[in-house]
Amino acid sequence: MLNFSGNFITEAPDELTECREIFQLNFDDCFRLFSIPKNIFTLPRLVIALFKKCSLIVIPSVVPTNLISLSIEGNQLLNSVPQEILKFLPPTQSPSDFYMTDQLELETLQKAR
């Protein structure tokens, strides 16, 4: 289990995908985090991934079948929410709730790296 909750990182390192034994990732409240590896969900033992109240602008489109919990509420996704991820959304939330980042905010996030 890796817990980065409340950390000030801006992007998750690609090396995380080499940690094959991770079963839970927690990035909740990493409000500066806007980037995660595109293949982060390919970890074979990953069952819980928490990215609540981050600033993710892209979410990977491939979600493994072994994932039982995925939290992405409070992000600012620019891409469409993949169909596989919609099943993890709370019933009160729609995919349109994620499209809130404007170009100026995106440039600010990228400069913060």
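In this short talk I will go through the fold elements, the aromatic pairs and the salt bridge of this predicted model.

A word on conventions before we start. Because the model is predicted, local features need pLDDT of at least 70 and side-chain atom pairs count only at pLDDT 80 or more, whereas totals for chains, interfaces and linings use all residues. Residues are numbered from 1 along each chain as its sequence is written, and side-chain values use heavy atoms, with hydrogens and water left out.

Let me begin with the chain as a whole, which has two helices and four strands, taken as DSSP runs numbered from the N terminus, with helices being H or I of at least four residues and strands being E of at least two. Read from the N terminus, the order of the elements is β-β-β-β-α-α. Of the 113 residues, 42% count as buried, where buried means under 20% relative accessible area, exposed means over 50%, and partly exposed lies in between, with a 1.4 Å probe and protein chains only.

Now to the rings. The search of the whole structure returns four aromatic pairs, a pair being rings of Phe, Tyr or Trp (its six-membered ring) with centres within 6.5 Å, called stacked if the planes are under 30 degrees apart, edge-to-face if over 60, and tilted for the rest. One of them joins F27 and F51, which are stacked at 5.3 Å centre to centre with 5° between the planes. This pair links distant parts of the chain, since F27 sits in the loop between β2 (24-26) and β3 (48-50) and F51 in the loop between β3 and β4 (69-71), 24 residues apart. F27 counts as buried because its relative accessibility is 0%, and F51 is likewise buried at 0%.

F51 also pairs with F41, and here the centres are 6.4 Å apart and the planes stand at 75°, so the pair is edge-to-face. F41 lies in the loop between β2 and β3, so its pairing with F51 ties together parts that are 10 residues apart in sequence. Taken together, ring pairs link F4, F27, F41 and F51 into a cluster.

Finally, which residues form the one salt bridge of the structure? E21 and R45 do, with their closest N and O atoms 2.8 Å apart, the criterion being a side-chain nitrogen of Lys or Arg within 4 Å of a carboxyl oxygen of Asp or Glu. E21 lies in the loop between β1 (2-3) and β2, and R45 in the loop between β2 and β3, so the bridge ties together parts 24 residues apart in sequence. E21 is exposed, with a relative accessible area of 55%, while R45 counts as partly exposed at 48%.
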